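This report covers selected helices and loops of the structure shown below. Terms are given with their cut-offs where they are used.

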Amino acid sequence: MSTTNTIQPGQSTEPASIPPDAAEMEKLLNRPPADRRRSRALKNYFSVSLLHLVLGAISLVMVLPFVWMLLTSIKPLGEVGSTNWIPSTVDTVQKAGVPVPRNYVDVFDYNNPDINHRGIQFARFYWNSIFVAAWATFLQVMTSAMAAYSFARLKWPGRDRMFLLYLSTMMLPGLVMMIPNFQIMISMGLVDTFTGLIVPAAFSAFGTFLMRQFMLSIPQSLDEAAEIDGAGKWRLFWDIILPLSRPGLITLTIFTFMGNYNSFFWPLVMLRSEAKYTLPIGLLFFDSSQGQATHLLMAAVTMSVVPMIVLFVLLQKYLVKGIQLGAVKG
Amino acid sequence: MSSSRSRTIRNVGAGVAFLMPNLLGFLVFTLVPLVFSMVLAFSNWDLKLHNQYKNNSIHFIGLDNFIRLINEPNFWKFLGNTLYLMLLMPFAIAASLIAAILLSKDLRGGSRRMWATLLLTAIMVGSLLLLMATGQGRSGMVIMMASLVASIFIGGALGGQTVYRTLFYIPNFTAGVATMLLWKHLFNPQSGPINSVLRGPLVSLTDVVRQSPSSLIQSGLWVSAGLIALGAWFGLRRLRKAWSDGDYGSNAVILSAVFLILPAVLAIFWSPVPLVGWVTLAATVCVTLWQLVIAIRGRDFHGRPWDGVGSSLMTATSLMSLQLVVLGLGIACYHLPAMAAVSDGLTPPNWLTDYDWAKPAMMLMGFWGAIGSNNMLLYLAALTNVPQELYEAADIDGATRLGKFWNITWPQLAPTTFFIVVMGVISGLQGGFEQARVMTQGGPAGSTTTLSYMIYSQGFEIGRLGYASAVSWMLFAMVLVITLFNWKFGNKYVND
């Protein structure tokens, strides 16, 4: 957690520390007698155990719904309402020599009329989501980084006023813009297209703000040095600033990707044809069309949640940093 | 001279060129829609009246949309729903603060030996449960739970803060349609695990309620009335002290006092025994007058009228939420004997399909996700910035843990809290659409329809574009008030 502070410009996090020898002296002077030391250690043991107990209990509450989800996703339909979470048998199908729980095969197997009479194309939804999220992320990170470069490293009249305008739009409720934006999409003929999903997501005040925060912390002398070497603005941006703001780029990439992967309102109003549904819309559709098939739905939910959890566990360092930085000045 | 001038021009050119892609998008998808939406709000554009078959003209209707909106009872109901759901906020913020404080403690406990002991404890707990389980019928379930608990403990003992933090944050990270669908099925009255867990304890509770005299249980209503008055006293006393010290201005105190007295007023309307409500109100009024007398007899107030309004409102509204919960529990106590007297006894609620339980169910889900939210991470970062010397000084003065929290941690975290509260209010006003659309479709009978869902259903389902825009501008106005409030008082509060 302490690493988060290193990015913030002009903020010293080092507490005024006593020279080590003086601290050592103080420790010796304040040393409690032996019997008190032991009771303190014992108390410490109890308090730490208690702490683990409380934290463990909260963790359990956090995890249990997911455990139920996982276990239900491999159950046969008849056992869904059972108080026993463990399935009595797990029906598996051999796929490429590996046993796969039948429910997961059924979710993807949209040609099987017995299970999936409405032809839900789960694999398709998956691909759509990733496709849209990847494009939107790429574009948003690019436009944000460029705008942030302009705001953080270039000097031009009216720059700071412009940035303030950007900042203030972050406070606007997105809902106000939804209806007009939809009308704009209709007039551009982009309803029910991926372009209509990607393009509005390609610009963001938040991304610009976040990237600016990162770029401000890069020493200004680099720009001057590069300029003396005869590098243009674009080369400076592409070869020096962008590589140096990599942690920021990664953070923004994760944020944007997750945001678009989970995006619900906009795809819900924009998408008409089932073949273009993204995962959240597809899941909703799955639930409303076969609400009774809880076991299949849970397999689908697992399939959409597990990649997120894995991604989070792998990349959480950047995320935590980004969230804490993004709120420094709202 | 000329070279520096051409450099400036080049700089402007580069600055604008780099900004251009983003600026274009900003203009097309933010600024234009904003103006467009404003125009829409004053028009009668309705897709039912203006389409390829019916070509009525779209024209300005002035404030008609807004007048219609204010006269529509549903608007007020949906606004009420939105505010109801926001009552979760103080609890969510408190939970994430507690989680952050717990996580910021040194989990290693210093010695390596203790670490090993802890690990052994975890394994022993696990294996003990395993042994217990082998003799029982539903062994699988117990084994699973025991190994789950043991693995959490082992993970926690080995990884410390990071492991717990990750586990806490997962619900927030995965939040979305998938988790909402998961909760929808967890809440399922027949097959959901929540109700199957609740059923057992409720049967025994039914027995207890049936055997004990009903007047005893119903007196819970009186207890809650006392607690509400006590809460008002506690809050008002705090306000009064800060008022005399000059921390809070008089307007801030009056505004906050209104929130503290509000639950007592609501008790008159909601309490099944009107007398209880009146007594609560009387007690609260007495407390108010008492504090007022003390305040006036004390020294003069040197705070400016709006000083400390953010902090005092935060305290007052948090206490108010607590009072309202207590009131709800008291009313539940009153109805309990009658509910248990039915042949089925007490049964778990129908959650999302029940008019009264749908909102609490959503709040429960929200609470689950809110403990380990971004707020927790913000608090964690803020906690590391609290100067350690303050605690050391307090230790020398012999301060208690609670004293250290209220006098050091809480004031030091105030800027973070203020930021979290403002952001929470802004997003809370706009919130509730996703869960309503996924879990209840705004039902039953509109009990989970929030303002954002109203905009969606009016604008995109019914097609009243002008009317929906008017709703969105009402929402915008509310958000703007909060934002202005933040600008006016936020900085001052943070600098104090």
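Does Trp351(B) count as buried or exposed at 7% relative accessibility?

## Basis of the values

This is a predicted model in which local features need pLDDT of at least 70 and side-chain atom pairs count only at pLDDT 80 or more, while totals for chains, interfaces and linings use all residues. Residues are numbered from 1 along each chain as its sequence is written, chains are lettered from A and ligands numbered from 1 in the order in which they are written, and side-chain values use heavy atoms, with hydrogens and water left out.

Trp351(B) counts as buried, at 7% relative accessibility. Buried means under 20% relative accessible area, exposed over 50% and partly exposed in between, with a 1.4 Å probe and protein chains only. Trp351(B) is not a glycine, yet has a positive phi of about 45°. Trp351(B) is in the loop between α14 (309-341) and α15 (358-371) of chain B.

Gln441(B), also a residue other than glycine, has a positive phi near 55°. Gln441(B) is placed in the loop between α19 (433-440) and α20 (451-462) of chain B.

## Chain B overall

Chain B has 21 helices and zero strands. Helices (H or I, at least four residues) and strands (E, at least two) are DSSP runs, numbered from the N terminus. Of its 496 residues, 49% count as buried. Among contacts (heavy atoms within 4.5 Å) in chain B between residues at least 6 apart in sequence, 75% join residues at least 24 apart.

## The α16–α18 pair of chain B

The axes of α16(B), residues 374-384, and α18(B), residues 401-430, come within 10 Å and cross at roughly 145°. Axes are lines fitted to C-alpha atoms, for helices over the stretch in contact, and angles run from 0 to 180 degrees between N-to-C directions.

On the α16(B) side, the residues in contact are Asn375(B), Leu378(B), Tyr379(B), Ala382(B) and Leu383(B). Their partners in α18(B) include Leu413(B), Phe419(B) and Ile420(B).

## Helix α8 of chain A

Helix α8(A) covers residues 205-216, twelve in number, and reaches 16 Å from its first C-alpha to its last, close to the expected 16 Å. The expected span is 1.5 Å times one less than the number of residues. Ten of the twelve residues of α8(A) are buried, so the helix is largely enclosed by the rest of the structure. Among them are Phe209(A), Leu210(A), Arg212(A) and Gln213(A).
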